Amino acid sequence: MKGKTANLLLRSTLVSVLVLTAACTNQGNGNSTKPENTEVAGNGGAGEAVSMEPLGKIDPPIEVTAIRTVNSNLKFENGETIENNAWTKLYEEEFGIKIKYLWVSDPSQYDQKFNIAMASNKLADIMPVNGIQFNQLVEAGQLEDLTEALENYGTPKMKELLMKDGGLGIESATFDGKLLGLPVNPGSFDTAPLLWVRTDWLEKVGLPEPKTMDDVFKIAEAFVTQDPDGNDKNDTHGLGAAKDFYGLEPGLEGFFNGYHAYPKSWVEDESGQLVYGSIQPEMKQALAKLQEMYANGYIDREFGVKDKEKFIQTVNAGKLGMFYGADWSPLLFLDGKTLDPEMEWKPFHLPSIDATAARPQTEYNIDQYYVVRKGMKNPEAAVKLLNAASHDWDREKYPLTDMNMNGDVEKWQYALLQAANPIQNVETYEDVSKAVKQQDESLLNLTSNPGQANFYKGINEFNNGDLNGWGFTRFFDAITVLYDYHTKDQFKMTSFISGPTQTMVEKEATLLKMELETFTKIVMGESSIDAFDEFVVNWKNLGGDTITSEVANWKASK
């Protein structure tokens, strides 16, 4: 159930249809909108003229304290610094907001410095925080409610951007009807697993494309026993895996999803309670089948010691025929395509063990919120700064070389608040498909997503016989499959959309290590399938039950 704030925000976005700029590009060719109305009221306090326009200027100007991370390799030029650059100047000129950094930190040191600041009650007015820190501040009552600030000061464009995930991010930041943070949601589209198969091998062994899990089993067997590479040696693998067990290339989540099991994810049971997917009965059934496949040699026998890099080498050497992985996986196999131009990979919807369609699981991918210290005089300042990240500024006044990129200088990183488009790949599919079909590059939305040019160029190259375009062409094939899942609402998002609970922070790493070790031993035959039942008991006793209770409390708070 979405919070009241999400519903209000959704209604406000229905009044306009906008073309959005993307998360970090901050590009555009439009002109700045000038504010007209101000009021001596609102959050600004007595005697202070506060613009009620989302892009209006606070007069007199205000100083806002902030903290943030800055990568050690971030480049500056022309005397700019993180305190003095085109973005900080825009904040002052357009909004009357002067940024004063209490401190900046390398990302590796940020958590430690933030924890000290929180413990000593020396919080900045505006802060980026991760999911753990966000929950801590929520529980401590140290965050300002941004509900009215967002309603009154958010631009329609920025509100629509926040709602492109259907309100997921806003819901995750809403507690008891109060919006306590502005979520940064990069989307979970890319976290969904797909089944990748070497279709040139399929033709050699005379099997159809996979539609069911039985097809997967038959293909894995044929790829091992029928010499698909034609070298008269028993040296090919069926289903690929790696020692991490889970992951996007390769990972086994997609295999489990075929059994309607969702490892490392939180799902609703028949009573509506949230339960941990890895301990559900469907997992045991899938593990038993994996154990059987491994015993028969249909799974890479070295997966228990093979890391991701070795897996990629196996594919590029032409020794693997099938795996579950990410949409971008073909970009890892360009060397293999060069060595063997006949090598061909194709992405497929996840096959199911029964008549019910398999749903690819996706992660809760929000791990940053922009928050405002409780008691801050002008909480609308945070909303205005987020407006700046998605507004089409006058490029004569704010050229892209100052605000976005200038050669290899990533000036978009200077912005204190940055926007994110959670359905960027959905829009990429729509734009690139039209552009390729009509052979019209102007149909690409390069302002919001310059990466679309890579797909357009790659697809056209490959269609014209240039293998250099193969990787992006197959990447786009995968996006096409994921787009189909998206339009049919078939992704299986974890139902726990929050930062880690306290016990997760303390014990989740240990519990996950136990899970991976147990499941790996089961698959490799070092433990019987009944070890799964023992694992479930241990998981519950060693903190799982407490975590489940905390998750239930979180759900109740929504």
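Analyst: Asp176 sits in the loop that runs between strand E6 (174-175) and strand E7 (178-179); strands (E, at least two residues) and helices (H or I, at least four) are DSSP runs, numbered from the N terminus. Its phi is positive, about 50 degrees, although Asp176 is not a glycine. With a relative accessibility of 68%, Asp176 counts as exposed (over 50% relative accessible area; buried is under 20%, partly exposed in between, with a 1.4 Å probe and protein chains only). The model is predicted, so local features need pLDDT of at least 70 and side-chain atom pairs count only at pLDDT 80 or more, while totals for chains, interfaces and linings use all residues. Residues are numbered from 1 along each chain as its sequence is written, and side-chain values use heavy atoms, leaving out hydrogens and water.

One joins Asp59 and Pro60, with omega about 5 degrees; Pro60 belongs to the loop between strand E2 (50-51) and strand E3 (62-69). The other runs from Glu249 to Pro250, with omega near -10 degrees. Pro250 is placed in the loop between strand E10 (237-239) and helix H10 (253-257).

Turning to the helices, seven of the 10 residues of H2 (residues 86-95) are buried, so this helix is largely enclosed by the rest of the structure. The buried residues of H2 are Ala86, Trp87, Thr88, Leu90, Tyr91, Glu94 and Phe95. Their cover includes strand E4 (97-105), helix H14 (380-390) and helix H15 (400-403), where contact means heavy atoms within 4.5 Å.

The axes of H3 (residues 107-119) and H4 (residues 131-139) come within 12 Å and cross at roughly 5 degrees. H3 and H4 are therefore roughly parallel (under 35 degrees; over 145 is roughly antiparallel, 65 to 115 roughly perpendicular, the rest oblique). Tyr110, Asp111, Phe114, Asn115 and Met118 of H3 meet Gln133, Gln136 and Leu137 of H4. This contact has four nonpolar, three polar and one charged residues; Ala, Val, Leu, Ile, Met, Phe, Trp, Tyr, Cys and Pro count as nonpolar, Asp, Glu, Lys and Arg as charged, and the others, Gly among them, as polar.

H11 (residues 281-295) packs on H19 (residues 502-523) at about 45 degrees, with the axes 7 Å apart, and the two are therefore oblique to each other. From H11, Met283, Leu287, Leu290, Gln291 and Tyr294 meet Phe519, Ile522 and Val523 of H19. By class, that contact has seven nonpolar, one polar and no charged residues.

H17 (residues 452-463) and H18 (residues 470-487) have axes that come within 7 Å and cross at roughly 115 degrees, which makes H17 roughly perpendicular to H18. Asn454, Phe455, Gly458, Ile459 and Phe462 make the contact from H17, and Trp470, Phe472, Thr473, Arg474, Phe475, Phe476 and Ile479 from H18. Eight of these residues are nonpolar, three polar and one charged.

Note on methods: Axes are lines fitted to C-alpha atoms, for helices over the stretch in contact, and angles run from 0 to 180 degrees between N-to-C directions.
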